[in-house]
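Hello,

Here is the structure I promised to pass on. Please open it first, then read my notes below.

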Amino acid sequence: MKIDLHSHTKCSDGELSPEELVLRASNKGVDVLAITDHDTVSALEPARDAIIKHKLPLKLVAGVEISTRWHGFEIHVVGLNIDDKQPELVALLTQQQNTRDKRAEKIAAKLARVLPESYGFTAETIMQKVLEKAQGQSISRVHFAKTLLEAGIVDRMQQAFDKYLGRKGKAYAAPEWISVEQAIAAIKAAGGHAVLAHPTRYDLKNKWVRKLVDYFAEHQGDAIEVGLPRQNNNELIQLATYAQQAKLKSSQGSDFHRVSSYTELGSLLPLPEFCEPIWTDWQLVNPA
Ligand code: AMP
Ligand code: MN
Ligand code: MN
Ligand code: MN
């Protein structure tokens, strides 16, 4: 069974519509797919409709990826099998969207200050381009990165993050995300499982990754992502061992954002035997 518990759509920083995403997942032989957009659940309803419309043999897991702050780092907490209509969760995600909007204004103002004048950008014109890209949905730093790329200010997305948008970038704005434990509590109150996303992809030293995993377990987190996109076996075993030591379950996901050579839906290494997959007691087949 092909299981992918981390993916994005246009409703946040992904490029496919919910319909295109479920069609592609099905095409790639995925049996179980979680859509986990950043701080929004708005892709879930159209994805459900598309699965019915096209009669896809695909089980959709209702998910979300919540941005949090921990010791000055931005840490992502994935919620799986959530009730996406639970009022407290919906209110919390609205608050996170407001935080995104406020952060976007700050980033635009900083960019206008640090970009060479010859590009002719002001905070207003940058915001205009970013809003066009977000199309009324979740505003992401990816939309800023694409704006910089299109203007020829950077050659690659990664460069946009390194030079301007990342933690050490010239236009970085520290957002007021909720805490890790608030995200865990909100996910669990909405009937979901809380999963620490991609622990080894935050640019943290190993000692801090372990601290984060232990912290996640202490605050009633359920699992960590062990299976990640473009992963080598060492990282897989390292994460599986961290999960085992902290008595956490294991999850896996491609973190698919767009069609590229970087990653594909459902394309993951198998979890090591000693892991306890998060889905072992889930109902994985759609009732007929
Ligand atoms: P945001 O959620 O608005 O803070 O944007 C973060 C998103 O940017 C991540 O979910 C990734 O999809 C994307 N991204 C791409 N490259 C980087 C990078 N070097 N650092 C941080 N985020 C990146
Ligand atoms: Mn993303
Ligand atoms: Mn993430
Ligand atoms: Mn993600």
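In sequence, L149 and Q159 are 10 residues apart. In space, their C-alpha atoms are 9.1 Å apart.

One caution before the rest: this is a predicted model. All the values here are computed from it.

Metal sites

Start with the manganese ion that is ligand 4. Its protein donors are H6 (NE2), H8 (NE2), E65 (OE) and D255 (OD). They lie 2.1 to 2.2 Å from the ion. Along the chain these donor residues are spaced H-x1-H-x56-E-x189-D. H6 lies in the loop between β1 (3-4) and α1 (18-27), and D255 lies in the segment after β8 (249-252), so this pair ties together parts that are 249 residues apart in sequence. H6 is buried, because its relative accessibility is 0% and buried means under 20%. D255 is buried as well, with a relative accessible area of 17%.

Now the manganese ion that is ligand 3. Its protein donors are E65 (OE), H76 (ND1) and H198 (NE2), again at 2.1 to 2.2 Å. The sequence spacing for ligand 3 is E-x10-H-x121-H. H76 lies in strand β4 and H198 in the loop between β6 and α8, so the two tie together parts 122 residues apart in sequence. Both H76 and H198 are buried.

There is also a manganese ion listed as ligand 2. From ligand 4 to ligand 2 the separation is 4.5 Å. From ligand 3 to ligand 2 it is 5.4 Å.

Ligand 1

Which residues surround ligand 1? They are D13, H38, R100, R103, S140, R141, V142, Q158, F161 and H257. For H38, the distance to an oxygen atom of ligand 1 is 3.0 Å. For R103, the distance to an oxygen atom of the ligand is 2.6 Å. For Q158, an N or O atom of the side chain is 3.2 Å from a nitrogen atom of ligand 1. On its own, ligand 1 has 490 Å² of accessible area, and the protein covers 76% of that.

Strands

Last, a look at β6, residues 193-196. How does it pair with β4, residues 73-80? The two strands are antiparallel, and four bridges join them. V78 has V195 as its bridge partner in β6. On to β7, residues 223-227: this strand runs parallel to β6, with two bridges between them. There, L196 is bridged to I224. The chain gets from β6 to β7 through helix α8, residues 206-218, and this β-α-β crossover is right-handed.

Best wishes

Key:
Residues numbered from 1 in each chain as written. Chains lettered and ligands numbered in written order. Predicted model: local features only at pLDDT ≥ 70, side-chain atom pairs only at ≥ 80, totals over all residues. Heavy atoms only, no water. Donors = N, O, S within 2.8 Å, 3.2 Å for Na, K, Ca; no water. Buried < 20%, exposed > 50% of the residue type's maximum accessible area, 1.4 Å probe, protein only. Pairing = 2+ DSSP bridges. Right-handed = clockwise from strand over helix to strand, strands pointing away. Near = heavy atom within 4 Å. Polar contact = N/O pair within 3.5 Å; in protein donor to acceptor, adjacent residues only side chain to side chain. Areas by Shrake-Rupley, 256 points an atom, 1.4 Å probe, with all protein chains shown as cover.
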